Amino acid sequence: QVQLVESGGGLVQAGGSLRLSCAASGSISSINVMGWYRQAPGKQRELVAKIISGGSTTYADSVKGRFTISSDNAKNTVYLQMNSLKPEDTAVYYCNMQVLRPALALSTNYWGQGTQVTVSS
């Protein structure tokens, strides 16, 4: 099995910064895609940023220039550096990984438990 454990959420004032981390453990051959999603109250879960194994990144328009996604493949860990935070960034942030497990032909989607990010005005 594979588990994702997130850390780094919290309460911050507008304009501040936070860094989220998500580490995968378990039976892992490789990780094809690592990403961060968020879900605010009453809204659908949305993609914040993702990074594929070759290093290419994608960001939501709302976070471009403020958030940076990075990964440490040796540690099966993905990070999200969030700068210039705004109240509208308040949400539960979930990490997501597409993991190829040994002896399986297809990748499996895994989710972290979620970490709350609250930005006060």
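This is a predicted model: local features need pLDDT of at least 70, side-chain atom pairs count only at pLDDT 80 or more; totals for chains, interfaces and linings use all residues.
1. A search of the whole structure for cavities of 30 Å³ or more finds one.

2. Cavity lining. The residues around the largest cavity are I31, N32, V33, M34, I51, I52, S53, S71 and N73. Two elements, β4 and β5, each give two or more residues to this lining. Of the elements, β4 gives the most, with four residues.

3. Which classes of residue surround the largest cavity? Five of the lining residues are nonpolar and four are polar, while no charged residue takes part.

4. Largest nonpolar core. This core has 31 residues, and those touching the most other members are W36, V78, L80, M82, Y93 and M97. At least two core residues come from each of β1 (2-7), β3 (18-26), β4 (30-39), β5 (46-52), β7 (67-72), β8 (77-82), β9 (91-100) and β11 (115-120). The element that gives the most to the core is β9, with five residues. As a general point, nonpolar side chains in soluble globular proteins tend to be buried together.

5. Surroundings of L80. Which residues does L80 contact, once its neighbours within four places in sequence are left aside? The list comprises L18, R19, L20, W36, V48, A49, F67, T68, I69 and Y93. Of these contacts, W36 and Y93 are, like L80 itself, among the core residues that touch the most other members.

Note on methods:
Residues are numbered from 1 along each chain as its sequence is written. Side-chain values use heavy atoms; hydrogens and water are left out. A nonpolar core is a set of buried Ala, Val, Leu, Ile, Met, Phe, Trp, Tyr and Cys residues joined through side-chain atoms within 4.5 Å. Buried means under 20% relative accessible area, exposed over 50%, partly exposed in between (1.4 Å probe, protein chains only). Contact means heavy atoms within 4.5 Å. On a 1 Å grid over the protein atoms alone, a cavity is a set of points where a 1.4 Å probe fits but cannot get out, and a pocket is an open set with protein on both sides within 12 Å along at least five of seven lines; lining residues have an atom within 4 Å of a point. Grid points are joined across faces, edges and corners, and a volume is the space filled by probe spheres set on the points. Ala, Val, Leu, Ile, Met, Phe, Trp, Tyr, Cys and Pro count as nonpolar, Asp, Glu, Lys and Arg as charged, and the others, Gly among them, as polar.
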